Amino acid sequence: MLFEGAIERGAEVEKLSKMLGASTESLSQLKQVAEIAHVSFESLTKGFRLMEKNVSLAAQGTGNAAKALKELGLSASELKKLNPEAQFEVLADSLNQVHNASDKVRLSTQIFGKAGAEMIPVMEGGSKAIASAREEADRLGLTLSETSTHQLAQAHEAMVKLKMAFQGAANTL
């Protein structure tokens, strides 16, 4: 069961890496950051997807995030040039400078969508806290390389096919 969970997590990280354009190493480390903040990995990745979309729209001068980024003193076009992990860290640093809780929730929601409020605990302490948690994930052996996630995804696929074969065999009995 322990190995099956690890295989599924590895396959999930590989899939998300392809969807988000973030490295498997960063995503597996950010999973640890989210868990420490009591935020689901699903919420984190939803926030990431919306962050990328909203930063792209803001760089074109449209969307709610354009106003939020301007209010935070950030250039959407410069932010768009960064990889998703770096975008997240820049936003974490900027949002940590917002001291009014209502404003922080409003700005986070404009950037990260419905997951915005959930992202606040993950970003607490800014990029330094995120870097520290990522280093801890590395020390604990939780960082997954691209090669590792690919192998875990292949193992996951093989397990799914094996389960299907057993199901097929059971159906013929």
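**Ground rules**

I worked on a predicted model, in which local features need pLDDT of at least 70 and side-chain atom pairs count only at pLDDT 80 or more, while totals for chains, interfaces and linings use all residues. Residues are numbered from 1 along each chain as its sequence is written, and side-chain values use heavy atoms, with hydrogens and water left out.

**Entry 1: overall make-up**

I began with the secondary structure and found 10 helices and zero strands in the protein chain, where helices (H or I, at least four residues) and strands (E, at least two) are DSSP runs numbered from the N terminus. Read from the N terminus, the order of elements is α-α-α-α-α-α-α-α-α-α. I then looked up burial, and of the 173 residues in the protein chain 41% are buried; buried means under 20% relative accessible area, exposed over 50%, and partly exposed in between, with a 1.4 Å probe and protein chains only. For contacts (heavy atoms within 4.5 Å), I noted that, among those between residues at least 6 apart in sequence, 68% join residues at least 24 apart.

**Entry 2: H6 against H8**

I recall that two packed helices are described by the angle between their axes and the distance between the axes. The axes here are lines fitted to C-alpha atoms, for helices over the stretch in contact, and angles run from 0 to 180 degrees between N-to-C directions. For H6 (residues 84-95) and H8 (residues 116-123), I found axes that come within 10 Å and cross at roughly 90 degrees. H6 and H8 are therefore roughly perpendicular to each other, given that angles under 35 degrees count as roughly parallel, over 145 as roughly antiparallel, 65 to 115 as roughly perpendicular and the rest as oblique. From H6, the residues Phe 88, Leu 91, Ala 92 and Leu 95 meet Met 119, Val 122 and Met 123 of H8. I sorted the residues of this contact of H6 with H8 into seven nonpolar, no polar and no charged, where Ala, Val, Leu, Ile, Met, Phe, Trp, Tyr, Cys and Pro count as nonpolar, Asp, Glu, Lys and Arg as charged, and the others, Gly among them, as polar.

**Entry 3: H7 against H8**

I next took H7 with H8, whose axes are 8 Å apart and which pack at an angle of about 105 degrees, so H7 and H8 are roughly perpendicular to each other. On the H7 side the contact involves Lys 104, Val 105, Ser 108, Thr 109 and Phe 112, and on the H8 side Gly 116, Ala 117, Met 119, Ile 120 and Met 123. The residues of this contact of H7 with H8 divide into six nonpolar, three polar and one charged.

I searched for aromatic pairs, taking rings of Phe, Tyr and Trp (its six-membered ring) as paired if their centres lie within 6.5 Å, with planes under 30 degrees apart counted as stacked, over 60 as edge-to-face and the rest as tilted. The count by this rule is two aromatic pairs. In the pair of Phe 48 and Phe 88, the ring centres are 5.1 Å apart and the planes stand at 35 degrees, so the pair is tilted. This pair links distant parts of the chain, with Phe 48 in helix H3 (residues 41-59) and Phe 88 in helix H6, 40 residues apart. I noted Phe 48 as buried at 1% relative accessibility and Phe 88 as buried at 0%. For Phe 88 and Phe 112, the centres lie 6.0 Å apart and the planes at 75 degrees, so the pair is edge-to-face; Phe 88 in helix H6 and Phe 112 in helix H7 are 24 residues apart. Phe 112 is buried too, with a relative accessible area of 0%.

**Entry 4: single residues**

I placed Asn 100 in the loop between H6 and helix H7 (101-112), and found Asn 100 partly exposed, with a relative accessible area of 40%. The side chain of Asn 100 reaches the backbone nitrogen of Ser 102 at 2.9 Å, and a polar atom of that side chain lies 2.9 Å from the backbone nitrogen of Asp 103.

I found Gln 32 in helix H2 (residues 24-36), buried at a relative accessible area of 12%. Not counting residues up to four places away in sequence, Gln 32 touches Ala 133, Glu 136, Ala 137, Leu 140 and Leu 142.

Terms used:
A polar contact is a pair of N or O atoms within 3.5 Å; within protein, one must be able to donate a hydrogen and the other to accept it, and residues adjacent in sequence count only if both atoms are side-chain atoms.
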